[in-house]
Amino acid sequence: MTNGTREITYRDAVREAIREALLADPRVFLMGEDVGRYGGCYAVTKGLLDEFGPERIRDTPLSESAFVGAGIGAALGGMRPIVEIMTVNFSLLALDQIVNNAATIRHMSGGQFAVPLVIRMATGAGRQLAAQHSHSLEGWYAHIPGLKVVTPATLEDARFMLAAALADPNPALIFEHVKLYNRSGMLPPDAGPVDIRSAIVRRPGKHVTLVTYGGTLFKTLDAAEELAKEGIEAEVIDLRVLRPLDTETVLASVGKTRRAVIVDEGWRSGSLSAEISARIMEGAFWELDAPVGRVCSAEVPIPYPHHLEEAALPQPSAIIAAAKTTLAS
Amino acid sequence: MPSLGADMEAGTLVEWLKRPGDRVKRGDVVAVVETQKGAIEVDIFEDGVIERWLVEPGTTVPVGTPLALIGGSPVTPKTAEPLLAAAPEPAAPAVAPPPIVPKPVGRPRRASPAARRLAAERGIALDTLIGSGPGSAVVYADVERATTAVSPRPPVPKRLDFAEMRRAIAAAMARSKREIPHYYLSTTVNLTRSLTWLETTNANRPPAGRLLLAALLLKAVGHALVDAPEFNGFFTGDGFQPGAGIHIGTAIAIRGGGLVAPAIHDADKLSLDELMAQLRDLVARARSGALRSSELSDPTITVTNLGGRGVETVFGVIYPPQVALVGFGMPVERPWAIGGEIAARRVLMATLAADHRASDGHRGALFLADIDRHLQSPEKL
């Protein structure tokens with residue numbers, strides 16, 4: 001199946017990753033709302049119930065706290081659970097389990113118990129799912145020591161980050177942006193494995209660094225393409241991992257371009273973009289030629305109407321404008 | 001590097017006139033600096049011994065850069081920085097007035113952190129660079145360009161550069177008309193008493209010792225300013241700052257084009273003879289391009305006397321950041337009504353161009369009237 005370059009969607013890549021994990025390790029199982037009979041609300045797990053059976057593909061009641069807690073217990077008991085939460089908005093019901101239990105048990109047991117739990121959840125806006133299903137709260141989880149937070153944006157990361165997350169002995173959260181599931185592209189045969197430690201330069205450039213991740217990666221790459229037509233070579237960094245942050249890659253790039261714009265679908269106040277900006281100040285202040293710019297979502301609950309939703313989100317035009325501001329052009 | 005005008009940002013050290021080890025005293029000319037206004041002699045305000053030069057000839061440095069280290073006093077060596085701050089003080093003042101520093105107007109030059117670091121590494125003065133970054137900030141690339149463009153050789157010393165002077169005048173006058181809301185007042189001064197007194201006084205003097213009407217006019221302005229402080233000082237971003245002394249900039253036309261307006265310091269306190277001597281000296285040195293730094297940086301008001309050019313009325317343009325310019329036209333004989341009779345009298349048009357941000361017409365009228373009043377009692381000037 002991995003012979004030769006082939007066209008694949010992000011959704012298929014995630015499904016293949018889950019399938020591969022289920023095949024590779026009998027301790028791996030998947031549970032969540034509608035992951036079995038319905039095939040997942042984004043159709044990621046379609047067909048897995050038939051192939052692996054209800055023991056390993058488990059539909060759960062609508063109680064995030066209960067099934068995330070069950071996942072933590074299973075992980076403590078030696079299993080390798082993959083828990084799917086429908087959207088990050090719903091994960092707030094399981095916040096106690098994730099923040100107070102999963103993230104702390106290794107620390108509080110003096111290293112006696114590990115929680116090798118993987119939680120996948122959808123994040124972000126753009127599909128007219130309104131304010132209670134569209135927010136980007138991954139930056140909140142990136143605040144919590146004890147968690148690993150990853151944001152696959154490319155097909156390769158969607159396909160291979162799960163294996164790295166399962167191999168990690170500590171809880172890892174995988175954020176899949178809802179607008180990425182339908183993206184398709186070519187996956188080369190030599191793709192993977194990938195790490196879940198480092199950021200990657202997705203497009204090299206020398207005039208301004210655009211730092212982003214997840215759902216805004218391709219908008220940022222589009223913006224860089226437009227900027228290139230005007231002679232502005234933007235370097236695009238895909239953070240990939242929000243915790244721990246790969247500050248070095250960001251600082252190395254900013255040291256070269258001396259300008260940075262952070263693109264984040266989260267709100268700007270108290271956000272991951274603020275954290276990155278602060279790290280640039282701490283680590284590259286003397287390299288800067290312009291104040292660090294940010295392009296974030298409007299500080300409103302994400303609207304339902306299509307035109308308002310688009311207006312609230314970071315768009316290439318705003319990214320281009322912010323990049324130009326740092327260059328005074 | 002002293003500031004020799006509101007628009008001066010940097011100067012080039014042309015030559016040192018003293019060597020390390022030389023003893024200097026206040027007022028000595030120690031160096032020559034090339035500016036937009038030509039080569040200017042830098043006089044010193046500290047007694048002591050030159051310990052070492054901090055700037056080599058040929059180097060362009062921003063205003064405020066220490067040029068030399070002066071020691072020799074029993075206390076620790078101090079830098080020559082007071083050069084730009086110190087102004088001649090009246091003889092033996094009970095309390096020294098604060099130094100006069102025309103504050104730079106507008107915001108200081110912006111530079112990015114990267115530009116600052118590179119400039120520090122390469123010894124480039126940021127103030128000399130033109131910024132291409134956001135908000136016209138100097139950025140890394142600007143400093144990089146400047147390092148490759150910098151010429152290692154000192155420029156050929158020249159006393160006057162008319163093109164540079166034109167540019168300096170253009171910048172100052174354009175800024176004046178752009179920023180200063182001028183208002184204009186004029187009054188006709190009966191000069192009979194002043195001219196009669198001058199003729200009598202000069203009758204017994206050799207030509208070299210004679211007084212000119214210009215000296216009387218300057219002195220009258222100096223006296224009038226004592227009671228009109230809002231016309232004597234600077235308008236900056238912080239609002240109006242009264243001058244610490246009355247230092248009248250005297251517009252002097254330069255043969256070949258251009259003009260300068262060096263200061264006659266403490267014009268209100270000088271005798272007419274002292275003032276006349278200073279005026280002669282200033283005119284001679286202005287025309288040879290050998291003015292001193294303090295003379296160019298200190299004026300708190302400007303007086304333009306175009307009587308010698310045959311005009312009757314001067315409509316002045318204020319030299320920023322000053323707030324007033326007094327203009328005098330040519331003394332002319334005109335019919336003058338006295339007690340219901342018409343008689344011929346020599347009269348002169350005195351005008352005031354003043355900054356409406358710092359003063360109002362009412363005070364301006366009193367100020368002009370006061371100049372007139374002083375010119376009616378020339379023996380008291």
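I'll start with one residue, His133(A), which sits in the loop between strand E5 (118-123) and helix H7 (138-141) of chain A. Please keep in mind that this is a predicted model.

Is His133(A) buried or exposed? His133(A) counts as buried, because it has 20 C-beta neighbours inside 10 Å, and the cut-off for buried is 20 or more. As for what lies around it, His133(A) touches Thr87(A) and Asn89(A), leaving aside residues up to four places away in sequence. There is also Met86(A), which is 47 residues from His133(A) along the chain, with 8.8 Å between their C-alpha atoms.

Next, a pair of helices in chain A. Helix H1 covers residues 10-24 and helix H8 covers residues 155-167; they pack at an angle of about 25 degrees, and their axes are 7 Å apart. That angle makes H1(A) roughly parallel to H8(A), since angles under 35 degrees count as such. The crossing of H1(A) past H8(A) is right-handed.

Which residues make the contact? On the H1(A) side they are Tyr10(A), Ala13(A), Val14(A), Glu16(A), Ala17(A), Ile18(A), Glu20(A) and Ala21(A). H8(A) supplies Leu155(A), Ala158(A), Arg159(A), Phe160(A), Leu162(A), Ala163(A) and Leu166(A). By type, the residues of this H1(A) and H8(A) contact come out as twelve nonpolar, three charged and no polar.

Last, the two chains. How many residues does each chain put into the contact? Ten come from chain A and ten from chain B. On the side of chain A that touches chain B, five residues are nonpolar, two are polar and three are charged.

Definitions and conventions: Residues are numbered from 1 along each chain as its sequence is written. Chains are lettered from A and ligands numbered from 1 in the order in which they are written. This is a predicted model: local features need pLDDT of at least 70, side-chain atom pairs count only at pLDDT 80 or more; totals for chains, interfaces and linings use all residues. Axes are lines fitted to C-alpha atoms, for helices over the stretch in contact, and angles run from 0 to 180 degrees between N-to-C directions. Helices (H or I, at least four residues) and strands (E, at least two) are DSSP runs, numbered from the N terminus. Angles under 35 degrees count as roughly parallel, over 145 as roughly antiparallel, 65 to 115 as roughly perpendicular and the rest as oblique. A crossing is left-handed if the near helix is turned anticlockwise from the far one by less than a right angle, and right-handed if clockwise. Two residues are in contact if their C-beta atoms, placed from the backbone, lie within 7 Å. Ala, Val, Leu, Ile, Met, Phe, Trp, Tyr, Cys and Pro count as nonpolar, Asp, Glu, Lys and Arg as charged, and the others, Gly among them, as polar. A residue is buried if 20 or more other C-beta atoms lie within 10 Å of its own, exposed if 12 or fewer, and partly exposed in between; C-beta atoms are placed from the backbone.
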